[in-house]
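Let's take a friendly walk through a structure together. Have a look at it first, and then we will visit two of its features.

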Amino acid sequence: MDNCLFCKIAAKQIPSSVVYEDDELMAFKDIHPAAPVHLLVIPKIHVPTLSECDASHTVLLGKMLALAPRLAAEHGCAVSYDADGVPAGGYKTLINTGPDGGQEVYHLHLHMYGGPRPWRGQR
Ligand code: 5GP
Ligand code: ZN
């Protein structure tokens, strides 16, 4: 897509802090982080929103979500358990979809928020 911000980031026409890349996906730091760790996972192909996805996107969507635990481990926010089994750490994954979903950039992306709370606007 000619005029898509995240297509331009995927093509490295616009710089970003890339934390992961393969043939299909890229992950980079959000320019306005809402948490100590705030990453965006995108497909390199242009898909405007989750609403355009169907069963043919199952593998791609699965790869996007399955990247989150790896990124979490690399960025210090994987879930861990103490000797009593009490969990610590963790992160939030989110896909905003369309105007009512709060989507601002119309290229499918998965937000990954992590790090010690409070986060911006959240406890
Ligand atoms: P949305 O509201 O569409 O789900 O989220 C879009 C996200 O993209 C926002 O969190 C915003 O901060 C981020 N963003 C917008 N422009 C840029 C940019 O040029 N570079 C990077 N790295 N993130 C961006
Ligand atoms: Zn795009």
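## Pairing in strand 3

M26 stands opposite I42 in strand 3. Strands here are DSSP runs of E with at least two residues, helices are runs of H or I with at least four, and both are numbered from the N terminus. Strand 2 (residues 25-29) runs antiparallel to strand 3, with five bridges between them; two strands pair if DSSP finds at least two bridges. Strand 3 is also joined by five bridges to strand 7 (residues 110-114), again in the antiparallel sense, and there L40 has H111 as its bridge partner.

Is strand 3 buried or exposed? Seven of its seven residues (37-43) are buried, where buried means under 20% relative accessible area, exposed over 50% and partly exposed in between (1.4 Å probe, protein chains only). V37, L39, V41 and P43 cover one face, and H38, L40 and I42 the other.

## The zinc site

Which protein atoms hold the zinc ion (ligand 2)? The donors are C4 (SG), C7 (SG), H46 (ND1) and H107 (ND1), at 2.0 to 2.3 Å. Donors are N, O and S atoms within 2.8 Å of the metal (3.2 Å for Na, K and Ca); water is not among the atoms, so sites may look incomplete.

C4 is buried at 6% relative accessible area, and H107 is buried at 0%.

## About the model

This is a predicted model: local features need pLDDT of at least 70, side-chain atom pairs count only at pLDDT 80 or more, and totals for chains, interfaces and linings use all residues. Residues are numbered from 1 along each chain as its sequence is written, chains are lettered from A and ligands numbered from 1 in the order in which they are written, and side-chain values use heavy atoms, leaving out hydrogens and water.
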